[in-house]
Amino acid sequence: MSHDAITSHLKETRRFEPPADFAKSARIPTREAYDAMYKESVESPETFWRRETADLVLRTPWTTTLEWKLPHAKWFQGATLNITESCLDRHLMTATRNKAAIIWEGELGATKTLTYAQLHRETVLLADALRKHGIVKGDRVAIYMGMVPEVAVAMLACARLGAVHTVIFGGFAADAIRDRIHDCQAKIVITQDGGYRRGSVLGLKEAVDKALAQPQAASVQKTIVLQHLGHDRCPVKMTEGRDLWWHEIVGESLGESREATVCEAEDPLFILYTSGSTGKPKGVLHTTLGYLAGVHVTSKYVFDLRESDVYWCTADVGWVTGHSYIVYGPLSNGATCLMYEGAPNFPDWGRFWRLIEKHGVTTLYTAPTAIRAFMRQGDEWPKKSDLSSLRLLGSVGEPINPEAWMWYREQIGGNRCPIVDTWWQTETGSILMTTVPGAAASKPGSTGLPMFGVVADVVKKDGTPVGAGEGGMLILKQPWPSMLRTLWNDDERFMKSYFSDVPGVYFTGDGARRDEDGYYWVVGRIDDVLNVAGHRIGTAEIESALVSHPSVAEAAAVGRPDDLKGQALVVFVSLRPGVKSGPDLVTALGEHVAKEIGKFARPDAIRFTDSLPKTRSGKIMRRLLKDVAAGRASTGDTSTLEDLSVLAKLRADED
Ligand code: PRX
């Protein structure tokens with residue numbers, strides 16, 4: 001987020017009370033009602049969670065609400081369930097059966113709707129096929145697909161068997177796919193021939209082929225390929241004995257296969273890889289009932305979901321927002337979700353608004369980067385469509401600057417829709433802070449108040465709380481049901497990453513302040529993780545991608561404030577002896593990062609330097625590089641800098 005935005009945060013005094021019309025029929029209609037629920041969730045979690053999960057399908061109820069042995073939480077032990085019975089089967093007995101679960105719109109305008117009954121059927125059929133191909137409870141299945149309804153089917157089919165899915169965002173390149181497969185030893189990869197992005201074809205199966213050609217991906221025995229574009233538009237090479245067409249292996253008869261595998265509350269549900277401040281991506285592990293409880297309750301109350309809503313979360317299913325608020329949360333509530341395959345600006349900047357008008361979308365959940373991009377295109381685009389069906393707006397993924405918040409409210413929400421700015425992380429599983437619409441007033445740029453069961457604070461490094469309005473580290477003091485349970489294969493890193501910066505509590509990696517009203521204002525990451533256009537990128541991953549290039553000796557990645565993307569990715573590179581810098585190398589290094597990680601991680605700027613500023617102990621001084629990248633004078637302490645001339649040189653290069 002830009003410095004201007006932070007400054008405007010600090011000056012922000014606007015406050016919008018819940019619109020009376022909205023509050024009148026809201027699920028939580030007053031601040032008093034919210035406060036009472038919050039108090040109960042913290043003081044009597046057992047009563048709270050039993051009541052709030054009463055509509056979920058459990059085969060057996062739980063006996064122990066929480067067992068907490070830092071850093072390991074176990075929620076709802078004794079309960080058994082299959083999560084898909086809460087998301088699908090339970091709706092088959094009601095009128096929801098024939099209601100649209102997913103309304104899909106392809107980038108080129110094709111549409112497809114799956115009712116709850118159809119989604120259930122597709123899920124059960126694919127689960128049966130997976131079972132026949134050897135998948136049993138606990139196996140890992142990688143999913144590398146675009147935004148098509150079948151990606152939800154694939155996830156749910158894994159869950160139906162108690163298999164652990166790991167969805168790999170469709171923007172990741174072959175090497176990143178390989179690394180994730182290797183880390184979790186996936187047995188099957190589910191993919192599709194290709195998808196559309198800005199009118200061109202993206203070969204997804206092709207990327208999987210490249211990943212599987214490498215020895216590190218040897219755990220994969222089979223791939224299942226959805227034919228989405230068809231042979232004419234996206235021919236694929238099928239490897240005999242390994243690759244199977246989805247439509248060929250999915251049978252017609254449900255027969256015995258309808259049965260879901262019974263899981264324990266703490267059985268793994270999915271692994272989702274995300275970036276940390278050091279090293280390779282972390283395999284965040286979520287388990288079954290705690291995760292379900294978190295996403296079920298937050299979907300219901302934060303989005304005030306009801307029967308008649310058409311809810312649209314624009315996130316990609318490859319990120320946690322898609323998992324929790326396209327798939328598990330909305331489906332467990334029987335909601336109708338819109339899913340859109342393509343880019344927001346294809347064929348033009350009016351696409352989102354036409355989609356809202358066409359499908360009568362009531363609830364839009366999107367990211368500040370998108371809002372800022374739309375804002376920049378001018379008010380005429382949203383004005384061309386009728387947006388009066390909207391009743392609630394949401395924001396997620398990065399701090400939203402008040403200017404963008406106000407534009408969202410006025411131009412999209414017609415000054416009538418409440419905005420929920422939701423703060424959470426891959427690790428938290430579900431929304432942990434927001435202003436529940438109808439109950440709590442919102443303030444532009446603030447993520448509001450803790451959700452049920454969440455006990456947060458802003459502290460100094462030694463754990464002492466800071467005063468109201470002061471900046472500090474955002475921590476969570478008590479476990480919550482949908483928290484990550486560990487990092488796959490790396491419990492030690494789990495402890496170190498989250499519970500060691502501030503002893504005894506979970507440190508989020510974010511900086512924040514809390515105002516006199518108890519509202520939180522998240523400033524952004526204060527560790528070495530960047531948030532570029534809502535994409536979470538670890539500086540260490542970028543650096544290791546760069547140094548794997550034969551020209552590069554050393555690299556340091558930092559964020560630079562950017563009005564559109566929140567942060568832009570700037571890298572400083574020193575070259576191996578004899579290598580000459582120049583525009584060709586800039587292009588080559590950009591391509592290299594795109595190949596190693598994905599196009600979304602391509603640096604915005606590459607700067608060459610003879611050496612990087614380091615402390616005497618050899619640590620790269622990122623703080624100084626951030627200042628250089630932002631064109632600011634360094635205010636911090638440079639006394640440990642090994643060679644001050646390096647800094648002077650970097651600045652001189654700017655001119
Ligand atoms: O820095 C915070 C920012 O996104 C980080 C989590 O990223 P990820 O795991 O990719 O999950 C994103 C979607 C939940 C956080 O540590 N972040 C997320 N939501 C907000 C936010 N920053 C400010 N305001 C938000 N609403």
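This is a predicted model: local features need pLDDT of at least 70, side-chain atom pairs count only at pLDDT 80 or more; totals for chains, interfaces and linings use all residues.
The ligand is surrounded by 17 residues, and the closest are Asp421, Thr422, Thr426, Asp510 and Arg536; a residue counts as near the ligand if one of its heavy atoms lies within 4 Å of it. Residues are numbered from 1 along each chain as its sequence is written, and side-chain values use heavy atoms, with hydrogens and water left out.

Which classes make up the shell around the ligand? The shell divides into 5 nonpolar, 7 polar and 5 charged residues. Here Ala, Val, Leu, Ile, Met, Phe, Trp, Tyr, Cys and Pro count as nonpolar, Asp, Glu, Lys and Arg as charged, and the others, Gly among them, as polar.

Let us turn to individual polar contacts, meaning pairs of N or O atoms within 3.5 Å. A polar side-chain atom of Arg536 lies 2.6 Å from an oxygen atom of the ligand. For Asp510, a polar side-chain atom is 2.7 Å from a ligand oxygen atom. Gly397 takes part through a backbone N or O atom, 3.1 Å from a nitrogen atom of the ligand. The ligand on its own has 540 Å² of accessible area, and the protein covers 95% of this; such areas come from the Shrake-Rupley method with a 1.4 Å probe. Strand S20 (419-422) and strand S27 (520-525) are the elements that give two or more residues to the shell. Helices (H or I, at least four residues) and strands (E, at least two) are DSSP runs, numbered from the N terminus.

Next, helix packing. The axes of helix H11 (residues 288-302) and helix H12 (residues 320-332) come within 8 Å and cross at roughly 80°. Axes are lines fitted to C-alpha atoms, for helices over the stretch in contact, and angles run from 0 to 180 degrees between N-to-C directions. H11 is therefore roughly perpendicular to H12, a term for angles of 65 to 115 degrees. Residues in this contact (heavy atoms within 4.5 Å) include Tyr291 and His296 of H11 and Tyr325 and Pro330 of H12. By class, the contact of H11 with H12 has 6 nonpolar, 7 polar and no charged residues.

Helix H14 (residues 368-377) packs against helix H16 (residues 402-412) at an angle of about 70°, with the axes 10 Å apart. H14 is thus roughly perpendicular to H16. Ile371, Arg372, Phe374 and Met375 of H14 meet Glu403, Ala404, Trp407 and Tyr408 of H16. These residues divide into 6 nonpolar, no polar and 2 charged.

Finally, the backbone. Most residues other than glycine have a negative phi, and most peptide bonds are trans. Arg198, in the loop between strand S9 (194-197) and strand S10 (200-203), has a positive phi near 50°. Leu70 and Pro71 are joined by a cis peptide bond, with omega about 5°.

Notes
Angles under 35 degrees count as roughly parallel, over 145 as roughly antiparallel, 65 to 115 as roughly perpendicular and the rest as oblique. A polar contact is a pair of N or O atoms within 3.5 Å; within protein, one must be able to donate a hydrogen and the other to accept it, and residues adjacent in sequence count only if both atoms are side-chain atoms.
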